[in-house]
Amino acid sequence: MRRLIAIVMLVCTAVALSAAQEAKPEVKPMKLSGSATVKISELAAHVAKANETTIDVQKVGQAELAHIAPSTAVAAEGDALFMLLQNALAQHRYVLVPNGDGWAAVTAAEAHKHVPVITRAEVATSADWKWVRVKIELENVDANAAAGALRNLVARQGGAVAPSGRSAIEICERTDRVRELLKVVDQLTGRQKSEITVYPVPAGLTDQDVMHAIQAHFARRPGFYFRVEVSPNGSDIDVTGPAHVQAEIARFIEALKE
Amino acid sequence: MRKFIAALLLLVPATMFSGAQEKPDDEALKIAGVMDGIPVVDMIHLAAEYEKLSFLFNSKTVTGEFTLVAPRDGITVPRDRMFATLQDVLAQYRFCAVNHGGTWVIVPMVEVCTYAPIVTEAELSALDESAWVTVMAPLENADANAVTGALRNLTSRQGGVIQPVQGANTVLICDRCDRVREIMKLVRQADESARLSTRRHALPAGADADKYAQSVFELMPTQFSRSCMVTAAPGGNALLVTGVEAIHSEIPLAIEALK
């Protein structure tokens, strides 16, 4: 009896496994070689099947693109397939955005209404091909200046950069592009980062003399932002400002010693 | 066109587009004489095949033909120059290829700055000269608006961009890598020539340092006055002057004239 039960269980397991395999046929990576005309609806159907999701491509599905790859073929699967579809849609000014449990192609100009809002920390884990909106807090950089610098670098349709208050900006773009734009933000932030440097008062001068000399000398210099104060010990001057400002003030104090 | 196809048939293995075999590494494309009416798409094929790249583009917009003129004896285009040649061909039609998520997409040049990777000045030397890039150049001395104005005419007419970043004294430059390298040389020269130094200049005995500072500043030529700072040195009969190197030779002359 036990043997019979064991055999029945084995047979059942085998049947269940084979049924599961039939229900989930293996999708091979898409191989692209040579020259091909790709219809967006067909590409979307393949991406949907390979990733077990739904993709609504609406009118743009009829559009076609040329894909030329080496004869040795390149394989695409998973995120690479989504990226290929996203690139194909971009050629026709469409983007792929979340739509319920699946995805939908919408005109790029409307992307900002559909894309998820994520934090700066989440940018690191978001897939390259996904369009996102992200708020970036700025340190030491004016939001209008940063937005102005980045405005030319986002997609002509769908891409957006706008100041959000005085010390933050909002970017709507594809994740891989957002990462590139963050390089600009980080460089600007790093350059404008203020530090406090303590300078000893040169012999023969008072701290007030030196402070007033620095203030008077650099007062008219455009874009030269710093704060100077006398230390409570009376023998030092404290200057707060970014590195390039500190370098020039250090040279000025050297000239005072002569 | 026929000559070009004949050259392809002669020099590129018949298996090139069939995918049956890979070409030997040392193979190069030889072109000779005048070859006109070559479709742009053929050049894309060659770049894909020789440099193992994938291209995605709208075949309705990326169309056209070009002409190659080579010596009758022929010249060889190395396989690693095929992509650069494609970029030159695309530029004739105001298009360029940019890497967008692993695939090379062909986009109008006016939009390339929205795709071009953002790199540092140090990374420029290692990049392919025909790739489009955006570089951030922080300036130490020169004014970003002035540098932008001076160099604006030197960028590519379509796609080339140079813009100042307000408040950070930085310029952003987008162009082909070889062009950016040349522009960066000028940016660094401009920045160096605007380098400021601070020096102490002695005044005649008993002189009123504050009045001298005001007068000397007003005597400065206009090209210096924007970046020049002149103040009385605390506790001493001298002026402190910050400005470009050339200004320090002018100060003693101004002091002498005011005596």
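User: Which elements each supply at least two residues of the lining of the second largest pocket?

Analyst: They are α7 (175-192) of chain A, plus β6 (95-100) and β9 (132-138) of chain B. Helices (H or I, at least four residues) and strands (E, at least two) are DSSP runs numbered from the N terminus. This is a predicted model, where local features need pLDDT of at least 70, side-chain atom pairs need 80 or more, and totals for chains, interfaces and linings use all residues. Residues are numbered from 1 along each chain as written, chains are lettered from A and ligands numbered from 1 in written order, and side-chain values use heavy atoms, without hydrogens and water.

User: How do I read a pocket or a cavity?

Analyst: On a 1 Å grid over the protein atoms alone, a 1.4 Å probe fits in a cavity but cannot get out; a pocket is an open set with protein on both sides within 12 Å along at least five of seven lines, and lining residues have an atom within 4 Å of a point. Here, β6(B) gives the largest share of the pocket's lining, 4 residues. Of 17 lining residues, B:Asn99, B:His100, B:Tyr115, B:Ala116 and B:Pro117 lie nearest the centre.

User: Where does the largest cavity lie?

Analyst: Domain 1 (30-106) and domain 2 (115-192) of chain A both contribute to its lining, so the largest cavity lies between them; the bounds come from an automatic or database assignment. α3 (79-91), β4 (94-99) and β9 (168-174) of chain A each supply at least two lining residues.

User: Which residues line the second largest cavity?

Analyst: A:Asn87, A:Ala90, A:Gln91, B:His100, B:Val105 and B:Tyr115 do. The largest share, 3 residues, comes from α3(A).
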